[in-house]
Amino acid sequence: MTESSEPADGAALADAIRTGATTAGAAMDEALDRQVELQSLGAISFLAADLGREGAAAIDAGLKRRPKYFRLKPFTGVPFLMKDLGAAAAGLPVVCASAALPSIPPAEDAELARRFKAGGLVPFGVTTVPEFGLSLSSEPAIGPVARNPLDPALTPGGSSGGAAAAVAAGIVALAHATDAGGSTRVPAACCGLVGLKPTRGAMPGGPDFGNHIGGIAAELVVSRSLRDTALALEHFSGSGEGYFPDPDLDLPLSGRLDEAVTPLRIGIVLDVAEGRAIEPARREAVAHAGEVLGRAGHTLVTLDPARLAPLLADSEMVFDRIICTNLARNMPDLSKVERLTAAVARRGLAMTARDYQAAESTAVRVAHALWRLFDEVDIVLTPMLSGPPLPIGAFPFDHDDVELQWRRMSDFAPYAMLANVAGTPALSLPHGTDGAGLSLPIQLIGPMASDGLLLRLARVLQRAVPWSYRTTIAGLPS
């Protein structure tokens with residue numbers, strides 16, 4: 001399967017609905033049936049089947065009443081899942097996987113959820129996350145435990161683990177994801193999907209979610225295709241007042257993925273200077289991706305991992321202080337949260353204004369240092385994960401050692417937090433499989449507003465090493 005030959009993705013399902021090959025209602029029914037069959041994966045923490053059916057019926061009625069209008073939507077009638085963190089959709093409660101928050105469905109959509117629906121997506125549930133997103137696995141105490149469709153003994157990643165599991169299993173073609181420290185890209189990497197953390201400010205964050213965590217978080221989707229991710233970025237980014245796509249992001253781009261990319265300087269990093277070494281198969285995937293780009297006319301520039309090590313360490317410090325102080329501010333009662341969550345909040349309570357100001361200043365220095373690096377290279381190519389997806393239970397919450405949790409996360413995804421702190425776009429995509437059939441993911445990091453360029457480079461890599469999925473998308477006609 002190659003993307004340029006119309007892959008099985010959300011856009012393809014939307015085409016089938018628009019042309020009458022199926023209906024939004026039938027697609028929703030099949031998605032609901034699939035989630036029942038695969039309930040053991042724990043991908044969905046809250047199901048609203050009636051809400052989904054009502055939304056699908058409205059799409060089908062709209063196609064009959066105003067066919068031209070509804071056919072303009074990029075994802076007409078495509079079933080969709082929201083994440084239990086970030087933007088909320090009306091009727092779907094966001095509790096951050098915690099018993100401490102009331103399960104009260106909001107009456108109105110957040111701006112991003114409004115855009116999802118305006119684009120034709122039909123939400124019908126909420127996906128599993130770790131409590132308050134504090135892990136790269138998704139195993140909240142309140143349940144369910146999210147499992148990897150490629151191997152249920154392994155994690156699908158976190159914090160968008162349920163979203164990635166649902167997409168990889170074909171319950172939906174794409175799902176809402178957020179990323180504050182790799183939380184979109186790591187699950188995409190674990191499950192063999194496409195995961196883009198957009199440029200800071202490209203996506204709306206309000207009215208309720210806003211800038212709670214110092215600008216390090218970004219929202220979009222995990223998907224099966226570059227085309228779906230490009231369409232999502234193209235249609236859901238931009239100004240919040242009568243929104244329009246941001247021209248600085250090189251939009252529109254969904255129809256330009258196959259355009260040739262002007263020769264670039266690709267900085268390639270194969271390992272890390274500190275922490276857990278990159279497993280050979282994953283290091284070789286990065287090296288092969290570099291060779292592919294070299295054959296396509298780009299110049300490879302080897303980057304010493306030691307040069308990036310201080311930036312990684314600084315990014316981890318910034319992440320620590322922003323996450324801990326944010327949780328402390330928003331969690332006055334620690335009696336109902338998990339043990340590690342309480343420790344994170346207490347750590348935040350112990351931090352001073354000077355500590356937080358130092359984090360903000362350090363974040364600016366990290367962004368500036370990365371900008372200086374982009375004077376020498378145009379794109380940075382790195383490993384996404386140090387090894388295969390970890391077993392369920394690898395990120396326990398039954399302890400108070402916050403630094404141990406952060407170290408486990410950085411060991412697993414050493415180059416994830418850098419893009420969050422610097423505000424730059426970063427893209428995870430599969431580049432082959434290992435002997436166990438697990439994805440070999442790589443990461444592309446670019447300067448601000450290079451989101452479209454990353455997706456076009458990814459197309460070059462995908463042509464060289466096409467990917468496919470074990471399961472079909474529920475509702476898509478064969």
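At 4% relative accessibility, Ala97 is buried, where buried means under 20% relative accessible area, exposed over 50%, and partly exposed in between, using a 1.4 Å probe and protein chains only. This is a predicted model, in which local features need pLDDT of at least 70 and side-chain atom pairs count only at pLDDT 80 or more, while totals for chains, interfaces and linings use all residues. Residues are numbered from 1 along each chain as its sequence is written, and side-chain values use heavy atoms, with hydrogens and water left out.

Let's stay with Ala97 for a moment. Its backbone has a positive phi, near 60°, in a residue other than glycine. You will find Ala97 in the loop between S2 and H5. Labels like these come from DSSP runs, numbered from the N terminus: helices are H or I with at least four residues, and strands are E with at least two.

Now look at Cys96. This residue is not a glycine either, and its phi is positive at about 55°. Cys96 sits in the loop between strand S2 (79-83) and helix H5 (111-118). With a relative accessible area of 13%, Cys96 is buried.

Next, follow the chain to another loop. Where does Pro144 lie? Its place is in the loop between strand S3 (122-127) and helix H6 (161-168). The peptide bond that joins Gly143 and Pro144 is cis, with omega about -10°.

Ser159 also belongs to the loop between S3 and H6. What kind of peptide bond joins Gly158 and Ser159? That bond is cis, and omega there is about 5°.
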